[in-house]
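Okay, everyone, thanks for coming.

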Amino acid sequence: MTTTFPGQPPSAPAVPHPAPVPHPAPVPPGNTAGLSVWPASARLAAHGDVAVGGVSLVEAAERFGTPVYLLDEGEVRERCRTYLRSFPDTDVVYAAKAFLCRALLHWVREEGLGLDVCSAGELEFAVTSGFPPERIVLHGNAKSPEDLEAALRLGVGRIVIDSAWEIARLSALIPDGARQKVLVRVVPGVSAGGHAAIRTGTEHQKFGLSVTDGSARHAVARILDQPRLELVGLHCHIGSQITTAKPYLTALRRVVGLLAQIRQQHGIALPELDLGGGHAVAYRPGDAALDIPSLGTRIHRELAANCAAAGIPVPRLTIEPGRALVGPAGVALYRVLAVKQTGERTFVAVDGGMSDNPRPALYGVRYAPRLIGRRSTAEPRTATVVGRHCEAGDVLAADVPMPGDIRPGDLVAVPVAGAYHLSMASSYNAVGRPPVVAVADGRARLLVRRESLADINGRDIGL
């Protein structure tokens with residue numbers, strides 16, 4: 001199944017998958033106890049090792065060094081397929097801000113997904129990597145002239161209007177005789193998400209145009225007066241790490257109400273509705289995750305019922321999963337540098353930190369790190385896994401159980417590391433960003449190389 005935007009031609013045939021780099025033989029599969037939030041391919045192996053995609057994590061650490069991100073290709077592809085099965089007759093577009101690299105673009109394109117980008121940089125990267133521009137949606141609450149110019153030059157499929165200022169700005173850039181398809185991002189007044197910083201469906205935050213105060217209706221009227229803009233639908237993204245379907249259904253009802261008002265006021269039935277993403281994944285055993293098949297069934301049923309009640313045609317649906325596609329496919333590996341007892345607290349310091357995963361510092365996110373590479377019979381103790389950076393807030397996992405004999409040289413693995421790690425990483429303290437390695441079928445291959453000190457120094461042109 002291939003997802004295309006309405007009125008757009010199907011994508012070009014996928015290019016052949018590149019041959020993977022040979023890798024040492026995988027560790028034989030074991031059981032999966034304690035690996036509930038790891039990729040489905042994860043197996044406990046000999047001597048406390050874990051294999052992902054048939055690749056020994058100990059061998060991967062030795063081969064590629066630490067810190068390193070591993071990405072299970074099979075997990076990503078299966079999650080893409082789950083979305084396509086759960087949302088038939090829907091445009092599923094991958095939210096590239098979660099993580100972006102050329103290989104991942106190839107995977108999601110092969111699986112039939114479109115793409116959602118937030119800047120000219122992400123857009124150029126995708127198009128120059130071979131992703132069809134007509135299958136790309138451009139977002140952003142404050143798009144620069146360069147963002148809009150790149151979108152028009154490259155032929156992006158949809159641009160999401162996020163403010164009244166963008167209407168005239170975008171229209172002025174479009175050549176005479178040309179038209180650009182646009183969506184209006186609306187704020188439905190729904191509070192949802194795992195942290196205040198990622199709740200985007202309510203008033204008093206920077207995204208979108210309010211349904212309540214009339215801003216969205218005013219923007220729609222202005223766009224319809226612009227001959228160079230073709231309004232094809234509404235967009236709504238209410239937040240991230242949402243664990244239940246209820247907020248989506250509430251938002252859907254309110255946005256369908258706006259579609260009905262537009263039909264009544266302007267006599268047009270907008271053909272598209274983009275409900276965004278934000279689908280929660282579990283970071284630790286026992287965490288809630290959104291049931292995607294159930295969500296698909298309930299959204300389609302609710303959309304059909306509400307459109308029938310409003311007397312409008314059912315628009316074609318778009319959804320934008322990001323974290324839910326790549327987050328659980330990733331594992332971060334670190335080497336322990338020091339173990340320190342301070343009062344009653346135990347700190348386990350590793351060779352990465354907030355430069356490769358700022359999310360605990362930003363959102364207080366909790367992870368479930370695991371010792372790998374040796375079996376420990378020591379009683380567990382509560383410890384805080386910290387990074388190497390000169391910040392008291394450089395914490396990767398606070399108050400987690402770790403073996404009582406954990407020591408320098410040990411390997412620590414952190415699952416659910418595929419989203420918002422490398423994409424938000426920095427070179428703080430001149431520490432280079434880690435490499436990304438794909439694992440599949442017992443082989444590993446480098447996707448993104450480690451950032452070197454030469455890379456960092458090369459940006460400084462001197463006195």
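So, the largest cavity holds about 70 Å³ of space. Of its 13 lining residues, Tyr69, Phe99, Ala417, Gly418 and Leu422 are the closest to the centre.

Before I go on, some ground rules. This is a predicted model, where local features need pLDDT of at least 70 and side-chain atom pairs count only at pLDDT 80 or more, while totals for chains, interfaces and linings use all residues. Residues are numbered from 1 along each chain as its sequence is written, and side-chain values use heavy atoms, with hydrogens and water left out.

What do I mean by a cavity? On a 1 Å grid over the protein atoms alone, a cavity is a set of points where a 1.4 Å probe fits but cannot get out; a pocket is an open set with protein on both sides within 12 Å along at least five of seven lines; and lining residues have an atom within 4 Å of a point. Grid points are joined across faces, edges and corners, and a volume is the space filled by probe spheres set on the points. With that rule, we get four cavities of 30 Å³ or more.

Back to the largest cavity: strand β4 (residues 68-72) gives the largest share of the lining, three residues. Strands here are DSSP runs of E, at least two residues, and helices are runs of H or I, at least four, numbered from the N terminus. The lining has nine nonpolar, four polar and no charged residues. For those classes, Ala, Val, Leu, Ile, Met, Phe, Trp, Tyr, Cys and Pro count as nonpolar, Asp, Glu, Lys and Arg as charged, and the others, Gly among them, as polar.

The second largest cavity comes in at about 50 Å³. Its lining includes Leu259, Arg263 and Ile268, and by class there are seven nonpolar, no polar and one charged residues.

Now the second largest pocket, with a volume of about 410 Å³. It has 20 lining residues, and Phe99, Leu100, Leu422, Arg433 and Val448 lie nearest its centre. Elements giving two or more residues to that lining are α3, α4 and β21 (443-448). Here the classes are eleven nonpolar, one polar and eight charged.

On to salt bridges, meaning a side-chain nitrogen of Lys or Arg within 4 Å of a carboxyl oxygen of Asp or Glu. How many does a search of the whole structure find? It finds 20. In one of them, arginine 77 meets glutamate 110 at 2.7 Å, N to O. Arginine 77 sits in helix α2 (residues 73-86) and glutamate 110 in helix α3 (residues 102-110), so the pair ties together parts 33 residues apart in sequence.

Is arginine 77 buried or exposed? Buried means under 20% relative accessible area, exposed over 50%, and partly exposed in between, with a 1.4 Å probe and protein chains only. Arginine 77, at 10%, counts as buried, while glutamate 110 is partly exposed at 29%.

Another bridge joins arginine 153 and glutamate 124, at 2.4 Å, N to O. Arginine 153 is in helix α5 (residues 145-154) and glutamate 124 in helix α4 (residues 120-128), so this pair ties together parts 29 residues apart in sequence. Arginine 153 is exposed at 55%, and glutamate 124 is partly exposed at 27%.
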